Amino acid sequence: MAETRFALDVVTALDRIDPLLALVVVAPPRMLAELRRVLPERLRRAIVAEVDKDLAMLNGNTAEFRLSEDTAFIEAMAPVYEKYVTTPEARDLVKRIQETQ
């Protein structure tokens, strides 16, 4: 019940973004399933990647998880980078972010 309510809140927030060109969903398996169940077609079409990862217990200061070092995240983001990161400046920025320790 709480997961459904949260998923619907996420959908409400995402639905306000127009146009939504690309969406990467990062969530644990049960939430991914719930989001798939409640996402309207317009939002489903925007999904370019899904990452099965629970980030709920992490804070911004933890060394346990760094997006720049997480292989699954980098692989999931590849289509986004290929499609939307088209200038040399943007490519350089993405490279510097990925190399951040």
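On helix H1, the exposed residues Ala2 and Asp9 sit on the face turned away from the buried side. The model is predicted.

**Helix H1**

- The buried residues of this helix are Ala7, Val11 and Leu14.
- Seen down the axis of H1, these buried residues fall within an arc of 65°, so they line one face of the helix.
- Strand S1 (23-27), helix H2 (29-38) and helix H3 (41-46) are among the elements that cover the buried residues of H1.
- Helix H1 covers residues 2-15, and its 14 residues should span 20 Å at 1.5 Å a residue; the end C-alpha atoms are 20 Å apart, which agrees.

- Arg42 and Asp18 form a salt bridge through their side chains, at 4.0 Å from N to O.
- This pair links distant parts of the chain, since Arg42 belongs to helix H3 and Asp18 to the loop between H1 and S1, 24 residues apart.
- Arg42 is partly exposed, with a relative accessible area of 29%, whereas Asp18 counts as exposed at 66%.
- A network of salt bridges links Asp15, Asp18 and Arg42.

**Salt bridges within helices**

- In helix H2, Glu34 and Arg37 lie three residues apart, about one turn of the helix, and their side chains meet in a salt bridge of 2.7 Å, N to O.
- Glu34 counts as buried at 12% relative accessibility, while Arg37 is exposed at 53%.
- In helix H3, Glu41 and Arg44 are also three residues apart, and the closest N and O atoms of their salt bridge are 3.0 Å apart.
- Glu41 is partly exposed at 43%, and Arg44 is partly exposed at 37%.

Methods
Residues are numbered from 1 along each chain as its sequence is written. This is a predicted model: local features need pLDDT of at least 70, side-chain atom pairs count only at pLDDT 80 or more; totals for chains, interfaces and linings use all residues. Side-chain values use heavy atoms; hydrogens and water are left out. Helices (H or I, at least four residues) and strands (E, at least two) are DSSP runs, numbered from the N terminus. The expected span of a helix is 1.5 Å times one less than its number of residues. Buried means under 20% relative accessible area, exposed over 50%, partly exposed in between (1.4 Å probe, protein chains only). The arc is that of the directions from the helix axis to the C-beta atoms. Contact means heavy atoms within 4.5 Å.
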